[in-house]
Amino acid sequence: MPSEGTTGETYELVPGVPFRLHRTDKSRLSQVDFHNLPFGKVFSDHMFVAEYRNGKWQNFRIEPYRTLQFTPAMIALHYGQIIFEGMKAFRTVDGKPVLFRPEKNIQRMKRSAERMAMPPFPEDLFLAALKELVWLDREWIPPQEDSALYIRPMMFATDEYIGVRPSETYWFIIFTCPVGPYYPEPVRVLIEREYVRAFPGGTGDAKAGGNYGASLMPARRAQQKGYHQLLWTDGHEHRWVEEIGTMNVFFVIDGEVVTPPLTGTILPGVTRDSVITLCREEGIPVAERPIAIEELFAAYEEGKLQDAFGTGTAATITPIAEIAMEREDGTVARILLPPVQERTLSARLKQRLEAIRRGLAPDPFGWVLPAIPERLQSTAQA
Ligand code: COI
C-alpha cells in the first residue's frame, strides 16, 4: 500500500467508481536527462494499480512507482498467466499530452486476457486510468521527435497456489517510461528456420509474456552472430514470413506494400494497422498476404525489393538493413536493402505518423486522444 511520502485524494475514475490518487512528494523528474534516454530503463513517478478478487476488479488507485512484494508461489511466476501491452503518449506541438489509438491496445489486451483465462480489465476504466496516469505524469513526456512516454499496462495472476488452474486473483498495473528510439539504427535480421515463435491455435496473436520468453534463446543465438533480431517463419514449412521478434514486418515489392496476414500466429500490431490505413488512404497499393522467403530473394535478385521495415509501438517504423538466411551448407544468403535515404515510402509514412501524433498534420481517422481526465476536461482544455 502506498504510504510514505504520499498524500491521498479520492476521485471517481468513471461515474460511480472511486479511485484514490496518492501523489509522490519525492518526484524523480529532475534527475532525468531527456536528451539521453535509454529505452525502458527510466520509470516515471506513478503507476496505476487495480486488484481482482471475489470476481471483481477493485481498489483502483494511482500510487508512486515502487517495488512490489509477492509470494514465490504466485501462479504468474509458474504458469505464465501474465499479459501486457505497449502504447505511447506524445506531447503535441502546443504542449498537450495525447494518447495514440488507445482503444486498439485496450481491445487487444481484452483478447489476450480471454486467451489466457484472465478477467479482462473493463474498457472504460482502462481508458480513464490511462488518462489519469498520463495527465499526472505529463511532465515526463519527452518533447523531442522520436521520443515518447511509453506506457506499459500489464496483468498477472497472484493466487498463492501451485496447482495448474487459472488464478482467482490478479493485479492490473500501468506504469510508464520516457523513451527514445527502440532501435536507433536500421536492423539486420536473420531468418529463423529451426525454432518457432507461434503455431496455429497457440498464443501467437496474444501479447502474453511467454511468447517473448520462448523467443529469447533463438534470438540470442542470432544476436551472437551480429543480428539485431530474428525474422520468424511459419511452424509448418519455415517458408512463410511471419514477424520480427519485436515488430510486424512490411516489404515494398515492385511498388506494392505487402505484409503477412493476421491468421492467428502474428501479433495484430497497432502500428501495422496504422501503416496499412495510411497506405490505403494515400492510394498506395497494399496487400495483407502470405510472403514466401523465395519470393523475397527472387524480388531482390530482380531488383524489385525496394524497401523492408518493421513496425511496432516501441520500434515505430524501423528500416531493415539486411535480411540473412543460413543455408544448409553453412553459407549465408543475404538481402541488402538500399540506403535509408533512398527509401522514400517508409520514411514518409513514419513522418506522417509522427506529424499526426504531434498535431502537426490533420488526424483524419481520429487516432489522437487528449490524455486529460474527464473530470478536468472543461478546465484543462481551456
Ligand atoms: C511494443 O512495441 O510495445 C512491444 O511491446 C514490443 C516490445 C519488444 C518492446
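Start by selecting residues 87–91, strand E6: Met87, Ala89 and Arg91 point one way, Lys88 and Phe90 point the other way, and all are buried (under 20% relative accessible area, with exposed over 50% and partly exposed in between; 1.4 Å probe, protein chains only). Strands here (E, at least two residues) are DSSP runs numbered from the N terminus, as are helices (H or I, at least four). This is a predicted model, in which local features need pLDDT of at least 70 and side-chain atom pairs pLDDT 80 or more, while totals for chains, interfaces and linings use all residues. Residues are numbered from 1 along each chain as its sequence is written, and side-chain values use heavy atoms, leaving out hydrogens and water.

Look for Lys88 opposite Tyr150.

Now show strand E7 (residues 97–100), also antiparallel to E6 with three bridges. Here Arg91 faces Pro97. Five residues separate the two strands of this hairpin, and Gly95 has a positive phi near 90°.

Which side chain meets Asp45 in a salt bridge? Select Arg28, at 3.8 Å, N to O; a salt bridge puts a side-chain nitrogen of Lys or Arg within 4 Å of a carboxyl oxygen of Asp or Glu. Both residues lie in the loop between E2 (17–24) and E3 (46–53), so the pair ties together parts 17 residues apart in sequence. Asp45 is buried at 5%, whereas Arg28 is partly exposed at 27%.

How values were computed: Two strands pair if DSSP finds at least two bridges between them.
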